[in-house]
Number of protein chains: 2
Amino acid sequence: MKLFNKVVIIGTGLIGGSLGLDLRKRHLAGQVIGLSRKKENANLAKKSGAIDSVGSSLGVVKDADLVILAVPVDVIMDLAAKIAGKLKKDCVVIDVGSSKERIVSKLSGLIPNFLGCHPLAGSEKRGAANLGADIFSGSVCVVTPTPKTNKKILKKIKLLWQKLGATVVVLTAKKHDCILASTSHLPHAVAFSLIGSIPDPYLGLSSGGLRDATRIAASNANLWSQIFLSNRRNLLTALSSFQIRLDALRLALKNKNQKLLTKILASAEKKRKKLG
Amino acid sequence: MKLFNKVVIIGTGLIGGSLGLDLRKRHLAGQVIGLSRKKENANLAKKSGAIDSVGSSLGVVKDADLVILAVPVDVIMDLAAKIAGKLKKDCVVIDVGSSKERIVSKLSGLIPNFLGCHPLAGSEKRGAANLGADIFSGSVCVVTPTPKTNKKILKKIKLLWQKLGATVVVLTAKKHDCILASTSHLPHAVAFSLIGSIPDPYLGLSSGGLRDATRIAASNANLWSQIFLSNRRNLLTALSSFQIRLDALRLALKNKNQKLLTKILASAEKKRKKLG
(Lines give C-alpha, C1' and ligand atoms only; values in the text may rest on other atoms or scores of the structure.)
Protein backbone atom coordinates (compact mmCIF):
# COMPACT_ATOMS: atom_id res chain seq x y z
CA MET A 1 0.00 0.00 0.00
CA LYS A 2 1.56 3.23 -1.21
CA LEU A 3 1.42 5.96 1.45
CA PHE A 4 3.51 8.60 -0.30
CA ASN A 5 4.49 9.05 -3.91
CA LYS A 6 7.85 10.84 -3.95
CA VAL A 7 9.91 10.38 -0.79
CA VAL A 8 13.21 12.20 -0.25
CA ILE A 9 15.53 10.91 2.49
CA ILE A 10 18.22 13.38 3.50
CA GLY A 11 20.96 11.39 5.22
CA THR A 12 21.36 7.81 4.03
CA GLY A 13 23.07 6.43 7.13
CA LEU A 14 21.84 3.66 9.42
CA ILE A 15 18.37 5.08 10.09
CA GLY A 16 17.78 6.88 6.79
CA GLY A 17 19.07 4.01 4.70
CA SER A 18 17.18 1.37 6.65
CA LEU A 19 14.00 3.44 6.29
CA GLY A 20 14.57 3.53 2.54
CA LEU A 21 15.04 -0.23 2.41
CA ASP A 22 11.79 -0.80 4.31
CA LEU A 23 9.78 1.76 2.32
CA ARG A 24 10.84 0.15 -0.93
CA LYS A 25 10.46 -3.44 0.24
CA ARG A 26 6.95 -2.79 1.53
CA HIS A 27 5.94 -0.68 -1.46
CA LEU A 28 5.02 2.23 0.78
CA ALA A 29 6.55 4.82 -1.54
CA GLY A 30 6.30 5.49 -5.27
CA GLN A 31 9.96 6.38 -5.43
CA VAL A 32 12.68 6.98 -2.85
CA ILE A 33 15.40 9.53 -3.54
CA GLY A 34 18.40 9.74 -1.24
CA LEU A 35 20.80 12.58 -0.49
CA SER A 36 23.96 12.54 1.56
CA ARG A 37 26.66 15.08 2.27
CA LYS A 38 29.08 12.41 1.16
CA LYS A 39 28.07 11.32 -2.32
CA GLU A 40 29.65 7.87 -1.82
CA ASN A 41 27.23 7.14 1.02
CA ALA A 42 24.23 7.87 -1.17
CA ASN A 43 25.75 5.73 -3.92
CA LEU A 44 26.27 2.91 -1.42
CA ALA A 45 22.63 3.27 -0.30
CA LYS A 46 21.51 2.98 -3.92
CA LYS A 47 23.66 -0.11 -4.38
CA SER A 48 22.10 -1.65 -1.23
CA GLY A 49 18.62 -1.05 -2.62
CA ALA A 50 17.78 1.55 0.02
CA ILE A 51 16.95 4.25 -2.52
CA ASP A 52 15.83 4.34 -6.15
CA SER A 53 18.09 7.22 -7.07
CA VAL A 54 20.60 9.69 -5.70
CA GLY A 55 19.44 13.30 -5.53
CA SER A 56 21.83 15.84 -6.99
CA SER A 57 20.92 18.76 -4.71
CA LEU A 58 18.47 19.89 -2.04
CA GLY A 59 16.32 21.21 -4.90
CA VAL A 60 15.05 17.65 -5.31
CA VAL A 61 12.64 18.23 -2.38
CA LYS A 62 10.53 20.64 -4.46
CA ASP A 63 7.94 18.08 -5.58
CA ALA A 64 8.40 15.61 -2.71
CA ASP A 65 5.38 14.28 -0.81
CA LEU A 66 7.46 13.22 2.19
CA VAL A 67 10.88 14.46 3.26
CA ILE A 68 12.73 12.49 5.94
CA LEU A 69 15.54 14.30 7.77
CA ALA A 70 17.87 11.53 8.95
CA VAL A 71 20.94 13.56 9.81
CA PRO A 72 22.56 14.65 13.11
CA VAL A 73 20.58 17.04 15.32
CA ASP A 74 22.53 20.21 14.41
CA VAL A 75 22.26 19.41 10.71
CA ILE A 76 18.49 18.94 11.02
CA MET A 77 18.26 22.48 12.42
CA ASP A 78 20.37 23.89 9.56
CA LEU A 79 18.61 21.94 6.83
CA ALA A 80 15.13 23.01 7.86
CA ALA A 81 15.79 26.64 6.96
CA LYS A 82 17.36 25.59 3.66
CA ILE A 83 14.47 23.41 2.46
CA ALA A 84 11.46 25.22 3.98
CA GLY A 85 11.00 27.59 1.03
CA LYS A 86 11.44 24.83 -1.55
CA LEU A 87 8.66 22.46 -0.43
CA LYS A 88 5.25 22.21 -2.02
CA LYS A 89 2.36 23.17 0.23
CA ASP A 90 1.20 19.72 1.29
CA CYS A 91 4.65 18.12 1.64
CA VAL A 92 5.04 16.30 4.96
CA VAL A 93 8.43 16.54 6.71
CA ILE A 94 9.59 14.26 9.51
CA ASP A 95 12.92 13.93 11.30
CA VAL A 96 14.36 11.00 13.22
CA GLY A 97 16.54 12.92 15.70
CA SER A 98 17.23 11.62 19.21
CA SER A 99 16.09 14.81 20.96
CA LYS A 100 12.92 16.61 20.02
CA GLU A 101 12.15 19.84 21.88
CA ARG A 102 14.57 22.13 20.05
CA ILE A 103 13.92 20.50 16.69
CA VAL A 104 10.14 20.56 17.00
CA SER A 105 10.14 24.12 18.25
CA LYS A 106 12.24 25.37 15.33
CA LEU A 107 10.89 23.18 12.53
CA SER A 108 7.21 23.61 13.40
CA GLY A 109 7.67 27.33 12.86
CA LEU A 110 9.32 26.86 9.48
CA ILE A 111 7.41 23.93 8.00
CA PRO A 112 3.61 23.69 8.48
CA ASN A 113 3.42 19.92 7.96
CA PHE A 114 6.35 18.94 10.18
CA LEU A 115 6.12 16.05 12.65
CA GLY A 116 8.97 15.07 14.97
CA CYS A 117 9.72 11.34 15.18
CA HIS A 118 12.23 9.28 17.13
CA PRO A 119 12.49 5.60 16.23
CA LEU A 120 14.25 3.87 19.16
CA ALA A 121 16.14 1.61 16.83
CA GLY A 122 19.57 3.12 16.51
CA SER A 123 22.88 1.42 17.02
CA GLU A 124 26.46 2.35 17.68
CA LYS A 125 27.10 1.08 14.16
CA ARG A 126 26.46 3.97 11.81
CA GLY A 127 26.45 4.54 8.15
CA ALA A 128 25.21 3.11 4.92
CA ALA A 129 27.42 0.05 5.36
CA ASN A 130 25.39 -1.08 8.38
CA LEU A 131 21.85 -0.47 7.27
CA GLY A 132 19.39 -3.32 7.36
CA ALA A 133 15.81 -4.12 6.55
CA ASP A 134 13.32 -4.56 9.38
CA ILE A 135 15.32 -2.73 12.06
CA PHE A 136 12.10 -0.96 13.13
CA SER A 137 10.11 -4.15 13.46
CA GLY A 138 9.32 -4.74 17.13
CA SER A 139 10.75 -1.36 18.13
CA VAL A 140 9.07 1.72 19.57
CA CYS A 141 8.78 4.97 17.63
CA VAL A 142 7.92 8.14 19.51
CA VAL A 143 6.09 10.84 17.55
CA THR A 144 5.83 14.32 19.03
CA PRO A 145 2.95 16.38 17.60
CA THR A 146 2.16 19.92 18.74
CA PRO A 147 -1.38 21.27 19.29
CA LYS A 148 -1.14 22.66 15.74
CA THR A 149 -0.25 19.33 14.08
CA ASN A 150 -2.71 18.34 11.36
CA LYS A 151 -4.56 15.23 12.63
CA LYS A 152 -4.60 13.57 9.21
CA ILE A 153 -0.83 13.90 8.91
CA LEU A 154 -0.32 12.53 12.41
CA LYS A 155 -2.50 9.55 11.51
CA LYS A 156 -0.64 8.93 8.26
CA ILE A 157 2.83 9.09 9.85
CA LYS A 158 1.70 6.81 12.70
CA LEU A 159 0.49 4.38 10.04
CA LEU A 160 3.86 4.63 8.27
CA TRP A 161 5.76 3.55 11.39
CA GLN A 162 3.21 0.86 12.14
CA LYS A 163 3.65 -0.52 8.61
CA LEU A 164 7.37 -0.82 9.42
CA GLY A 165 6.49 -2.91 12.47
CA ALA A 166 7.00 -0.25 15.14
CA THR A 167 4.73 0.51 18.06
CA VAL A 168 3.97 4.22 18.02
CA VAL A 169 3.96 6.24 21.23
CA VAL A 170 2.66 9.81 21.10
CA LEU A 171 4.34 12.26 23.49
CA THR A 172 4.97 15.97 23.68
CA ALA A 173 8.51 16.85 22.63
CA LYS A 174 9.14 18.06 26.20
CA LYS A 175 8.09 14.76 27.77
CA HIS A 176 10.06 12.80 25.16
CA ASP A 177 13.25 14.69 25.98
CA CYS A 178 12.78 14.26 29.72
CA ILE A 179 12.32 10.49 29.40
CA LEU A 180 15.00 9.89 26.77
CA ALA A 181 17.53 11.89 28.79
CA SER A 182 17.15 9.16 31.36
CA THR A 183 16.76 6.03 29.21
CA SER A 184 19.14 6.85 26.37
CA HIS A 185 21.27 9.97 26.75
CA LEU A 186 22.33 9.18 30.35
CA PRO A 187 23.40 5.59 29.52
CA HIS A 188 25.50 6.98 26.69
CA ALA A 189 27.12 9.61 28.93
CA VAL A 190 27.85 6.94 31.54
CA ALA A 191 29.24 4.48 28.99
CA PHE A 192 31.55 7.12 27.46
CA SER A 193 32.81 8.01 30.97
CA LEU A 194 33.18 4.37 32.00
CA ILE A 195 35.36 3.28 29.10
CA GLY A 196 37.26 6.57 29.37
CA SER A 197 38.23 5.77 32.96
CA ILE A 198 39.74 2.35 32.28
CA PRO A 199 43.53 2.32 31.78
CA ASP A 200 44.43 1.06 28.31
CA PRO A 201 46.74 -1.73 29.52
CA TYR A 202 43.86 -3.22 31.55
CA LEU A 203 41.51 -3.65 28.59
CA GLY A 204 42.89 -7.11 27.82
CA LEU A 205 41.57 -8.40 31.14
CA SER A 206 37.93 -7.62 30.62
CA SER A 207 35.05 -9.92 29.92
CA GLY A 208 31.62 -9.60 28.35
CA GLY A 209 30.44 -7.38 31.20
CA LEU A 210 32.61 -4.41 30.30
CA ARG A 211 32.03 -4.94 26.60
CA ASP A 212 28.25 -4.86 26.98
CA ALA A 213 28.26 -2.00 29.49
CA THR A 214 30.27 0.18 27.09
CA ARG A 215 29.02 -1.00 23.70
CA ILE A 216 27.20 2.29 23.12
CA ALA A 217 30.42 4.22 23.82
CA ALA A 218 31.51 3.13 20.33
CA SER A 219 28.81 5.50 19.07
CA ASN A 220 29.89 8.51 17.04
CA ALA A 221 31.28 11.29 19.25
CA ASN A 222 30.20 14.13 17.00
CA LEU A 223 26.63 12.86 16.72
CA TRP A 224 26.34 12.34 20.46
CA SER A 225 27.84 15.65 21.56
CA GLN A 226 25.08 17.27 19.48
CA ILE A 227 22.40 15.10 21.09
CA PHE A 228 23.75 15.81 24.60
CA LEU A 229 23.81 19.57 24.01
CA SER A 230 20.37 19.58 22.39
CA ASN A 231 18.94 17.99 25.56
CA ARG A 232 21.38 19.58 27.99
CA ARG A 233 19.12 20.47 30.93
CA ASN A 234 17.33 17.14 31.03
CA LEU A 235 20.61 15.27 30.74
CA LEU A 236 22.13 17.30 33.58
CA THR A 237 19.10 16.37 35.70
CA ALA A 238 19.44 12.69 34.77
CA LEU A 239 23.15 12.84 35.59
CA SER A 240 22.27 14.21 39.04
CA SER A 241 19.87 11.32 39.68
CA PHE A 242 22.56 8.89 38.63
CA GLN A 243 25.09 10.66 40.87
CA ILE A 244 22.80 10.24 43.89
CA ARG A 245 22.64 6.47 43.29
CA LEU A 246 26.36 6.20 42.68
CA ASP A 247 27.14 8.18 45.85
CA ALA A 248 24.84 5.95 47.91
CA LEU A 249 26.58 2.83 46.62
CA ARG A 250 30.02 4.34 47.21
CA LEU A 251 29.14 5.42 50.76
CA ALA A 252 27.81 1.97 51.68
CA LEU A 253 31.01 0.48 50.28
CA LYS A 254 33.22 2.99 52.07
CA ASN A 255 31.43 2.31 55.36
CA LYS A 256 31.60 -1.46 54.83
CA ASN A 257 27.84 -1.51 55.26
CA GLN A 258 27.13 -4.87 53.62
CA LYS A 259 23.45 -4.86 54.50
CA LEU A 260 22.82 -1.48 52.88
CA LEU A 261 25.07 -2.27 49.91
CA THR A 262 23.19 -5.52 49.25
CA LYS A 263 19.89 -3.67 49.54
CA ILE A 264 20.99 -1.09 46.95
CA LEU A 265 22.18 -3.78 44.55
CA ALA A 266 19.08 -5.94 45.10
CA SER A 267 16.78 -3.05 44.23
CA ALA A 268 18.77 -2.45 41.02
CA GLU A 269 18.84 -6.17 40.19
CA LYS A 270 15.07 -6.36 40.56
CA LYS A 271 14.51 -3.33 38.33
CA ARG A 272 16.92 -4.61 35.67
CA LYS A 273 15.19 -7.97 35.57
CA LYS A 274 11.92 -6.19 34.79
CA LEU A 275 13.54 -4.78 31.65
CA GLY A 276 14.00 -8.29 30.26
CA MET B 1 43.84 -37.06 29.16
CA LYS B 2 43.02 -37.45 32.83
CA LEU B 3 44.61 -34.69 34.93
CA PHE B 4 42.99 -35.52 38.28
CA ASN B 5 41.29 -38.64 39.56
CA LYS B 6 38.70 -37.54 42.11
CA VAL B 7 37.45 -33.97 41.65
CA VAL B 8 35.07 -32.33 44.13
CA ILE B 9 33.24 -29.18 43.03
CA ILE B 10 31.73 -27.21 45.88
CA GLY B 11 29.07 -24.97 44.39
CA THR B 12 27.36 -26.31 41.28
CA GLY B 13 26.16 -22.98 39.89
CA LEU B 14 27.08 -21.41 36.56
CA ILE B 15 30.85 -21.64 36.93
CA GLY B 16 31.11 -24.81 39.04
CA GLY B 17 28.55 -26.70 36.99
CA SER B 18 30.03 -25.60 33.66
CA LEU B 19 33.47 -26.68 34.89
CA GLY B 20 32.05 -30.10 35.76
CA LEU B 21 30.50 -30.43 32.30
CA ASP B 22 33.80 -29.60 30.63
CA LEU B 23 35.92 -31.84 32.91
CA ARG B 24 33.65 -34.78 32.16
CA LYS B 25 33.24 -34.09 28.45
CA ARG B 26 36.98 -33.82 27.96
CA HIS B 27 37.78 -36.77 30.22
CA LEU B 28 40.03 -34.62 32.39
CA ALA B 29 38.79 -36.19 35.65
CA GLY B 30 38.26 -39.75 36.87
CA GLN B 31 35.09 -38.74 38.64
CA VAL B 32 33.40 -35.44 39.46
CA ILE B 33 31.47 -35.08 42.70
CA GLY B 34 29.33 -32.01 43.27
CA LEU B 35 28.10 -30.35 46.44
CA SER B 36 25.70 -27.49 46.87
CA ARG B 37 24.10 -25.79 49.83
CA LYS B 38 20.84 -26.40 48.06
CA LYS B 39 20.60 -30.13 47.37
CA GLU B 40 18.25 -29.50 44.41
CA ASN B 41 20.98 -27.54 42.62
CA ALA B 42 23.42 -30.44 42.94
CA ASN B 43 20.72 -32.82 41.73
CA LEU B 44 20.05 -30.55 38.76
CA ALA B 45 23.79 -30.49 38.00
CA LYS B 46 23.84 -34.30 38.04
CA LYS B 47 20.85 -34.40 35.72
CA SER B 48 22.63 -32.00 33.33
CA GLY B 49 25.67 -34.28 33.26
CA ALA B 50 27.86 -31.73 35.07
CA ILE B 51 28.77 -34.18 37.86
CA ASP B 52 28.90 -37.93 38.29
CA SER B 53 27.42 -37.90 41.76
CA VAL B 54 26.16 -35.64 44.51
CA GLY B 55 28.31 -35.49 47.64
CA SER B 56 26.47 -35.96 50.92
CA SER B 57 28.71 -33.76 53.07
CA LEU B 58 31.97 -31.82 53.09
CA GLY B 59 33.63 -35.06 54.30
CA VAL B 60 33.67 -36.13 50.63
CA VAL B 61 36.80 -33.99 50.10
CA LYS B 62 38.92 -36.36 52.21
CA ASP B 63 40.30 -38.41 49.31
CA ALA B 64 39.88 -35.76 46.59
CA ASP B 65 42.76 -34.93 44.24
CA LEU B 66 41.29 -31.58 43.25
CA VAL B 67 38.77 -29.46 45.12
CA ILE B 68 37.18 -26.53 43.26
CA LEU B 69 35.55 -23.83 45.37
CA ALA B 70 32.90 -22.28 43.14
CA VAL B 71 30.85 -20.38 45.70
CA PRO B 72 30.50 -16.67 46.60
CA VAL B 73 33.58 -14.91 48.01
CA ASP B 74 32.48 -14.93 51.67
CA VAL B 75 31.55 -18.62 51.46
CA ILE B 76 34.97 -19.46 50.01
CA MET B 77 36.56 -17.86 53.09
CA ASP B 78 34.30 -19.84 55.44
CA LEU B 79 34.66 -23.14 53.60
CA ALA B 80 38.46 -23.06 53.57
CA ALA B 81 38.66 -23.41 57.36
CA LYS B 82 36.09 -26.21 57.30
CA ILE B 83 37.82 -28.37 54.69
CA ALA B 84 41.51 -27.62 55.41
CA GLY B 85 41.87 -30.35 58.04
CA LYS B 86 40.03 -32.94 55.96
CA LEU B 87 42.19 -32.89 52.80
CA LYS B 88 44.85 -35.41 51.96
CA LYS B 89 48.36 -33.99 51.78
CA ASP B 90 48.71 -33.64 48.02
CA CYS B 91 45.17 -32.46 47.31
CA VAL B 92 45.10 -29.34 45.13
CA VAL B 93 42.50 -26.69 45.90
CA ILE B 94 41.47 -23.88 43.56
CA ASP B 95 38.76 -21.25 43.77
CA VAL B 96 37.06 -19.27 41.03
CA GLY B 97 36.24 -16.10 43.01
CA SER B 98 36.10 -12.67 41.36
CA SER B 99 38.52 -11.05 43.81
CA LYS B 100 41.74 -12.69 44.87
CA GLU B 101 43.85 -10.85 47.47
CA ARG B 102 41.81 -11.69 50.56
CA ILE B 103 41.08 -15.21 49.40
CA VAL B 104 44.68 -16.01 48.44
CA SER B 105 46.01 -14.50 51.64
CA LYS B 106 43.71 -16.56 53.84
CA LEU B 107 43.60 -19.82 51.88
CA SER B 108 47.35 -20.01 51.23
CA GLY B 109 47.87 -20.07 54.97
CA LEU B 110 45.34 -22.85 55.51
CA ILE B 111 45.89 -25.08 52.47
CA PRO B 112 49.47 -25.74 51.21
CA ASN B 113 48.40 -26.63 47.66
CA PHE B 114 45.99 -23.77 47.11
CA LEU B 115 46.00 -21.75 43.88
CA GLY B 116 43.67 -18.80 43.25
CA CYS B 117 41.95 -18.71 39.87
CA HIS B 118 39.53 -16.32 38.20
CA PRO B 119 38.00 -17.42 34.91
CA LEU B 120 36.63 -14.29 33.21
CA ALA B 121 33.64 -16.19 31.92
CA GLY B 122 30.83 -15.36 34.29
CA SER B 123 27.43 -14.07 33.40
CA GLU B 124 24.54 -12.32 35.06
CA LYS B 125 22.73 -15.62 34.60
CA ARG B 126 23.55 -17.77 37.59
CA GLY B 127 22.76 -21.21 38.77
CA ALA B 128 22.70 -24.79 37.62
CA ALA B 129 19.88 -23.99 35.19
CA ASN B 130 22.20 -21.81 33.08
CA LEU B 131 25.36 -23.86 32.97
CA GLY B 132 26.86 -24.71 29.61
CA ALA B 133 29.73 -26.61 28.08
CA ASP B 134 32.61 -24.65 26.59
CA ILE B 135 31.95 -21.37 28.37
CA PHE B 136 35.69 -21.10 29.08
CA SER B 137 36.72 -21.66 25.48
CA GLY B 138 38.21 -18.44 24.12
CA SER B 139 38.10 -16.77 27.53
CA VAL B 140 40.89 -15.60 29.80
CA CYS B 141 41.61 -17.24 33.15
CA VAL B 142 43.79 -15.39 35.63
CA VAL B 143 45.77 -17.54 38.08
CA THR B 144 47.37 -15.89 41.08
CA PRO B 145 50.26 -17.90 42.56
CA THR B 146 52.30 -16.72 45.56
CA PRO B 147 56.09 -17.09 45.85
CA LYS B 148 55.38 -20.28 47.81
CA THR B 149 53.19 -21.89 45.15
CA ASN B 150 54.47 -25.30 44.04
CA LYS B 151 55.62 -24.90 40.41
CA LYS B 152 54.29 -28.33 39.38
CA ILE B 153 50.85 -27.51 40.70
CA LEU B 154 50.88 -24.14 38.95
CA LYS B 155 51.79 -25.89 35.70
CA LYS B 156 49.06 -28.52 36.12
CA ILE B 157 46.32 -25.98 36.86
CA LYS B 158 47.44 -23.82 33.96
CA LEU B 159 47.17 -26.93 31.77
CA LEU B 160 43.69 -27.62 33.15
CA TRP B 161 42.42 -24.18 32.09
CA GLN B 162 44.18 -24.45 28.74
CA LYS B 163 42.50 -27.82 28.12
CA LEU B 164 39.17 -26.00 28.64
CA GLY B 165 40.16 -23.54 25.91
CA ALA B 166 41.12 -20.61 28.13
CA THR B 167 44.18 -18.40 27.79
CA VAL B 168 45.95 -18.33 31.15
CA VAL B 169 47.34 -15.06 32.53
CA VAL B 170 49.53 -15.25 35.63
CA LEU B 171 49.28 -12.26 38.00
CA THR B 172 49.81 -11.56 41.66
CA ALA B 173 46.53 -11.45 43.57
CA LYS B 174 47.21 -7.78 44.28
CA LYS B 175 47.61 -6.88 40.60
CA HIS B 176 44.57 -8.97 39.67
CA ASP B 177 42.38 -7.09 42.12
CA CYS B 178 43.65 -3.70 40.98
CA ILE B 179 42.90 -4.49 37.33
CA LEU B 180 39.58 -6.27 37.87
CA ALA B 181 38.33 -3.43 40.08
CA SER B 182 38.56 -1.35 36.93
CA THR B 183 37.47 -3.79 34.22
CA SER B 184 34.78 -5.74 36.07
CA HIS B 185 33.81 -4.46 39.52
CA LEU B 186 33.51 -0.80 38.43
CA PRO B 187 31.27 -1.62 35.41
CA HIS B 188 29.03 -3.60 37.74
CA ALA B 189 28.86 -0.74 40.28
CA VAL B 190 28.06 1.71 37.48
CA ALA B 191 25.43 -0.56 35.91
CA PHE B 192 23.67 -1.10 39.26
CA SER B 193 23.65 2.70 39.83
CA LEU B 194 22.52 3.45 36.28
CA ILE B 195 19.46 1.21 36.29
CA GLY B 196 18.73 2.31 39.85
CA SER B 197 18.49 5.94 38.73
CA ILE B 198 15.94 5.41 35.97
CA PRO B 199 12.31 6.02 36.98
CA ASP B 200 10.23 2.86 36.59
CA PRO B 201 7.60 4.41 34.30
CA TYR B 202 10.36 5.38 31.82
CA LEU B 203 11.65 1.84 31.32
CA GLY B 204 9.17 1.18 28.50
CA LEU B 205 10.85 3.85 26.38
CA SER B 206 14.31 2.38 26.29
CA SER B 207 16.15 0.65 23.49
CA GLY B 208 19.01 -1.80 23.20
CA GLY B 209 21.48 0.78 24.53
CA LEU B 210 20.10 0.83 28.07
CA ARG B 211 19.53 -2.91 28.04
CA ASP B 212 23.14 -3.62 27.11
CA ALA B 213 24.60 -0.97 29.39
CA THR B 214 22.77 -2.46 32.38
CA ARG B 215 22.73 -6.17 31.54
CA ILE B 216 25.21 -6.94 34.32
CA ALA B 217 22.97 -5.17 36.83
CA ALA B 218 20.78 -8.28 36.65
CA SER B 219 23.63 -10.03 38.47
CA ASN B 220 22.98 -11.39 41.93
CA ALA B 221 23.05 -8.61 44.55
CA ASN B 222 24.30 -10.81 47.38
CA LEU B 223 27.16 -12.22 45.31
CA TRP B 224 28.22 -8.78 44.13
CA SER B 225 28.07 -6.99 47.46
CA GLN B 226 30.56 -9.63 48.67
CA ILE B 227 32.81 -9.07 45.65
CA PHE B 228 32.66 -5.27 46.07
CA LEU B 229 33.54 -5.46 49.78
CA SER B 230 36.31 -7.99 49.20
CA ASN B 231 37.96 -5.54 46.79
CA ARG B 232 36.81 -2.38 48.51
CA ARG B 233 39.86 -0.14 48.27
CA ASN B 234 40.59 -0.88 44.64
CA LEU B 235 36.95 -0.38 43.73
CA LEU B 236 36.85 2.96 45.58
CA THR B 237 39.91 4.03 43.57
CA ALA B 238 38.32 2.90 40.30
CA LEU B 239 35.12 4.76 41.25
CA SER B 240 37.19 7.92 41.74
CA SER B 241 38.75 7.57 38.28
CA PHE B 242 35.29 7.12 36.81
CA GLN B 243 34.03 10.14 38.75
CA ILE B 244 36.78 12.32 37.26
CA ARG B 245 35.69 11.35 33.73
CA LEU B 246 32.03 11.83 34.52
CA ASP B 247 32.67 15.25 36.07
CA ALA B 248 34.67 16.34 33.02
CA LEU B 249 31.84 15.33 30.70
CA ARG B 250 29.26 17.01 32.91
CA LEU B 251 31.26 20.24 33.11
CA ALA B 252 31.73 20.42 29.34
CA LEU B 253 27.98 19.87 28.96
CA LYS B 254 27.12 22.44 31.61
CA ASN B 255 29.41 25.01 29.95
CA LYS B 256 28.02 24.20 26.49
CA ASN B 257 31.60 23.52 25.42
CA GLN B 258 30.86 21.44 22.31
CA LYS B 259 34.49 21.23 21.26
CA LEU B 260 35.64 19.80 24.60
CA LEU B 261 32.59 17.55 24.90
CA THR B 262 33.22 16.09 21.45
CA LYS B 263 36.88 15.60 22.33
CA ILE B 264 35.96 13.66 25.51
CA LEU B 265 33.47 11.48 23.64
CA ALA B 266 35.86 10.91 20.72
CA SER B 267 38.59 9.67 23.03
CA ALA B 268 36.13 7.25 24.66
CA GLU B 269 34.78 6.15 21.27
CA LYS B 270 38.31 5.39 20.07
CA LYS B 271 39.13 3.37 23.20
CA ARG B 272 35.88 1.41 23.04
CA LYS B 273 36.48 0.53 19.41
CA LYS B 274 39.82 -1.00 20.42
CA LEU B 275 37.94 -3.40 22.70
CA GLY B 276 36.15 -4.89 19.69
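Which residues in α9(A) meet which residues in α10(A)? In this predicted model, Ala248(A), Leu249(A), Ala252(A) and Leu253(A) are the residues of α9(A) that meet α10(A), where their partners are Leu260(A), Leu261(A), Ile264(A) and Leu265(A). The residues of this contact divide into eight nonpolar, no polar and no charged. The two helices, α9 with residues 232-254 and α10 with residues 258-275 of chain A, have axes that come within 8 Å and cross at roughly 150 degrees. Because angles over 145 degrees count as roughly antiparallel, α9(A) and α10(A) are described as roughly antiparallel to each other, and α9(A) passes α10(A) in a left-handed crossing.

Contacts between the two chains involve 80 residues of chain B and 80 residues of chain A. The size of an interface is often given as the accessible area lost when the parts come together. For chain B and chain A, this buried area is about 7400 Å², with 68% of it on carbon and sulfur atoms. On the side of chain B, the residues that lose the most area to chain A are Tyr202(B), Leu205(B) and Arg272(B), which together account for 10% of what that side buries. Four salt bridges are counted between chain B and chain A. A salt bridge is formed by Asp200(B) with Lys274(A), in which the closest N and O atoms are 2.8 Å apart.

On the α10(A) side the contact is made by Gln258(A), Leu261(A), Thr262(A), Leu265(A), Ala266(A) and Glu269(A), whereas α8(B) contributes Ala221(B), Asn222(B), Trp224(B), Ser225(B), Gln226(B), Phe228(B) and Leu229(B). By class, the contact of α10(A) with α8(B) has seven nonpolar, five polar and one charged residues. Leu261(A) and Leu265(A) are among the residues of α10(A) that meet α9(A), and both also take part in the contact with α8(B).

Classified by residue type, the contact of α6(A) with α9(B) has seven nonpolar, two polar and one charged residues.

Conventions
Residues are numbered from 1 along each chain as its sequence is written. Chains are lettered from A and ligands numbered from 1 in the order in which they are written. This is a predicted model: local features need pLDDT of at least 70, side-chain atom pairs count only at pLDDT 80 or more; totals for chains, interfaces and linings use all residues. Side-chain values use heavy atoms; hydrogens and water are left out. Ala, Val, Leu, Ile, Met, Phe, Trp, Tyr, Cys and Pro count as nonpolar, Asp, Glu, Lys and Arg as charged, and the others, Gly among them, as polar. Axes are lines fitted to C-alpha atoms, for helices over the stretch in contact, and angles run from 0 to 180 degrees between N-to-C directions. Helices (H or I, at least four residues) and strands (E, at least two) are DSSP runs, numbered from the N terminus. Angles under 35 degrees count as roughly parallel, over 145 as roughly antiparallel, 65 to 115 as roughly perpendicular and the rest as oblique. A crossing is left-handed if the near helix is turned anticlockwise from the far one by less than a right angle, and right-handed if clockwise. Contact means heavy atoms within 4.5 Å. Buried area is the accessible area (1.4 Å probe) that two parts lose on being put together, summed over both. A salt bridge is a side-chain nitrogen of Lys or Arg within 4 Å of a carboxyl oxygen of Asp or Glu.
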